[in-house]
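Please open the structure in a viewer and keep the selection tool at hand.

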Amino acid sequence: MLDGAHVPFNLAAVLSDLRQEEKYRAPCIAVMSIADDKDAAGLLSTMTHHDISIIFTTVGARSLSPEQLKTIADTLGLLSIVMLDPLEAYQEALAGATESGAWVLVTGSLYLVGIIRST
């Protein structure tokens, strides 16, 4: 699932809407990048209400560092890893989803969605 939700309200709405379908009630692996002018703590806090693990990546100079995002996620009790290359992060998410039966969500940045869509 590709969704560029980059504010907490939108991400909450996306996750709520998706949960209406059976296949999106399974655990989720999110690939995520967040711009430095967005509410990273708010976005990640929204994810604590769902069974989501996160792969943080970056899409350029405007992105918060994946390490910063992991620190916030750790504080919130979210399971996460860092992979700097967005395409490698996406491939890792797909592999993990295939192995575990999870689904993949690419979110937090329209730039990230654009990179993934171009593959």
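**First stop: strand 4**

Select strand 4 in this predicted model: Trp-103, Leu-105 and Thr-107 point one way from the strand, Val-104 and Val-106 point the other way, and all are buried. Because five of its five residues are buried, strand 4 is largely enclosed by the rest of the structure.

Strand 1 pairs with strand 4 in the parallel sense, over five bridges. To view one of these pairings, select Ile-29, whose bridge partner in strand 4 is Val-104.

**Second stop: the nonpolar cores**

Now select Leu-11, Met-32, Leu-44, Met-47 and Ile-54; of the 23 residues in the largest nonpolar core, these touch the most other members. Two or more residues of this core come from each of helix 1 (8–18), strand 1 (28–32), helix 2 (40–47), strand 2 (52–56), helix 3 (66–76) and strand 4 (103–107). Another core, of 14 residues, lies apart from it and includes Ile-29, Met-83, Val-106 and Leu-112.

Return to Ile-54 and display its surroundings. Beyond its neighbours within four places in sequence, Ile-54 is in contact with Ala-30, Met-32, Leu-44, Met-47, Leu-78, Leu-79, Ser-80 and Ile-81.

**Last stop: Ser-63**

Finally, select Ser-63, in the loop between strand 2 and helix 3. Is Ser-63 buried or exposed? Ser-63 counts as buried because its relative accessibility is 13%, and the cut-off for buried is under 20%. Its side chain makes a polar contact with the side chain of Ser-33 (3.2 Å). Not counting residues up to four places away in sequence, Ser-63 touches Ser-33, Ile-34, Ala-35, Asp-36 and Thr-58.

Conventions
Residues are numbered from 1 along each chain as its sequence is written. This is a predicted model: local features need pLDDT of at least 70, side-chain atom pairs count only at pLDDT 80 or more; totals for chains, interfaces and linings use all residues. Side-chain values use heavy atoms; hydrogens and water are left out. A nonpolar core is a set of buried Ala, Val, Leu, Ile, Met, Phe, Trp, Tyr and Cys residues joined through side-chain atoms within 4.5 Å. Buried means under 20% relative accessible area, exposed over 50%, partly exposed in between (1.4 Å probe, protein chains only). Helices (H or I, at least four residues) and strands (E, at least two) are DSSP runs, numbered from the N terminus. Contact means heavy atoms within 4.5 Å. A polar contact is a pair of N or O atoms within 3.5 Å; within protein, one must be able to donate a hydrogen and the other to accept it, and residues adjacent in sequence count only if both atoms are side-chain atoms. Two strands pair if DSSP finds at least two bridges between them.
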